[in-house]
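Trainee: Could you take me through how to read a helix contact and a metal site in a model like this one?

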Amino acid sequence: MLRIVRAVALLLIAVLGAVWAYAWATRTPGESLADAMASRFATVFGGGGAPALGGLSLPQGLSLGGPFTLVDQAGRTVSEKDFAGRWMLVYFGYAYCPDVCPTELGVMAHAMDLLGARADRVVPVFITVDPARDTPAALADYVGRFHPRMQGLTGTPDQVAAAARQYRVYFSKVENRDTTGYLMDHSSFIYLVGPDGKVRALFRPEMKPEDIAGAVTARMAEARGGNG
Ligand code: NI
């Protein structure tokens, strides 16, 4: 039985890799790899139609999320154990991001508001992929603009890379000749993480806050029904 589960998991990882390669090969000029990956992913797993209320469900056997060691915006070292027993909405990005990150963090904050009292059981978390610029102090200032309870996590480059690997997050530094700074190309999913630290759903860019809140509510109800 375990062997079958492992085989299915390996197969799904291979499928994810294939989607990435497909996105890489077929992206149109001007389309970021992150956007291409999101849309191809949606085509493969979501049928290419409108976003489902539940977001993209994880295929059985595919496990995303897991242990991490990072540094919070107060400078404390934290791990997945500090969030155990609570739900998380997790987004990977960087504070200098000109457009996508602010939009998605705004969506996440809006979804939190729509959850009402249920939001008390959910921690919104922003994990930077740009630890060189996103210091704890910089993150404290940044996440506070979106939601009073949002946690900003950074760390050493190795800690950040390890956390990103757990969530299969793609990121890459892009030098920009037009400005003094650099950009980070990165995948852009919002992850719903259960009290056990495993990803329960992922939401693609531009999903509506109403749909995310609805999906979170549904997954919470499911978990309660299933002894979660
Ligand atoms: Ni961004």
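**Reading the contacts**

Mentor: In α3, Val107, His110, Ala111 and Leu114 meet Pro209, Glu210, Ile212 and Ala213 of α6, where contact means heavy atoms within 4.5 Å. This is a predicted model, in which local features need pLDDT of at least 70 and side-chain atom pairs count only at pLDDT 80 or more, while totals for chains, interfaces and linings use all residues. Residues are numbered from 1 along each chain as its sequence is written, and side-chain values use heavy atoms, with hydrogens and water left out.

Trainee: At what angle do the axes of α3 and α6 cross?

Mentor: Two packed helices are described by the angle between their axes and the distance between the axes. Here the axes of α3 and helix α6 (residues 209-225) come within 8 Å and cross at roughly 55 degrees, the axes being lines fitted to C-alpha atoms over the stretch in contact, with angles running from 0 to 180 degrees between N-to-C directions.

Trainee: Which protein donors hold the nickel ion?

Mentor: Donors are N, O and S atoms within 2.8 Å of the metal (3.2 Å for Na, K and Ca), and water is not among the atoms, so sites may look incomplete. The protein donors of the nickel ion are Cys97 (SG), Cys101 (SG) and His186 (NE2), at 2.0 to 2.2 Å from it. Cys97 lies in the loop between β4 (87-93) and α3 (100-114) and His186 in strand β8 (residues 182-186), so the pair ties together parts that are 89 residues apart in sequence; helices (H or I, at least four residues) and strands (E, at least two) are DSSP runs, numbered from the N terminus.

Trainee: Are Cys97 and His186 buried or exposed?

Mentor: Both Cys97 and His186 are buried, meaning under 20% relative accessible area, whereas exposed is over 50% and partly exposed in between (1.4 Å probe, protein chains only).
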